[in-house]
Amino acid sequence: MGKVTVTIGGASGFWGDTNEAASQLLAAGGIDYLAFDYLAEITMSLLARARMRDPARGYAADFVSGVMARILPALDRQRVKVVSNAGGVNPAACAAAIERLIAEAGADLRVAVISGDDLSSRADDLRAAG
């Protein structure tokens, strides 16, 4: 088997990082994946508080409206995959918002969600177990 090269563009390093990097990386071309890192301890607490106020929130909404909405055509055209933790404490809602963008754009893209690390529903049991 021959050597396979995968090119990953680091589009953000934290929530609040520039929204321009993704467009710049896509314009340069040759990217297989764009990686967006949004989460840190303070970010998680802000997102958890947002979800407590509104169960439909809890993700980095500006990732959807400020980044994905703008780069969606290039992602579709170039077949670039996105890896992000912008879903925060509500990855399903983030995915649904991105799926709406894809449908509105008529793009041929899929969204996957990784879940299973939210133990908040078991907090009382875990505390009782020590």
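Reply: This is a predicted model. One definition is needed at the outset: angles run from 0 to 180 degrees between N-to-C directions, and those over 145 count as roughly antiparallel.

Me: What makes helix 1 roughly parallel to helix 3?

Reply: The axes of helix 1 (residues 21-28) and helix 3 (residues 61-78) come within 10 Å and cross at roughly 15°. Angles under 35 degrees count as roughly parallel, which is why helix 1 is called roughly parallel to helix 3. The crossing of these two helices is left-handed.

Me: Which residues make the contact, and how do they divide into nonpolar, polar and charged?

Reply: Helix 1 contributes Ala 22, Ser 23 and Leu 26, while helix 3 contributes Val 67, Arg 70, Ile 71, Ala 74, Leu 75 and Gln 78. Of the residues in this contact, six are nonpolar, two are polar and one is charged.

Me: How do you know that strand 1 and strand 2 pair?

Reply: Pairing requires at least two bridges, and four bridges join strand 1 to strand 2 (residues 33-36), the two running parallel; therefore they count as paired. Gly 9 stands opposite Leu 34 in strand 2.

Me: Why are strand 1 and strand 3 called edge strands?

Reply: Three strands form an open sheet in the order 1-2-3, with parallel pairing, and strand 1 (8-12) and strand 3 (81-84) each pair on one side only.

Note on methods. Residues are numbered from 1 along each chain as its sequence is written. This is a predicted model: local features need pLDDT of at least 70, side-chain atom pairs count only at pLDDT 80 or more; totals for chains, interfaces and linings use all residues. Side-chain values use heavy atoms; hydrogens and water are left out. Angles under 35 degrees count as roughly parallel, over 145 as roughly antiparallel, 65 to 115 as roughly perpendicular and the rest as oblique. A crossing is left-handed if the near helix is turned anticlockwise from the far one by less than a right angle, and right-handed if clockwise. Contact means heavy atoms within 4.5 Å. Ala, Val, Leu, Ile, Met, Phe, Trp, Tyr, Cys and Pro count as nonpolar, Asp, Glu, Lys and Arg as charged, and the others, Gly among them, as polar.
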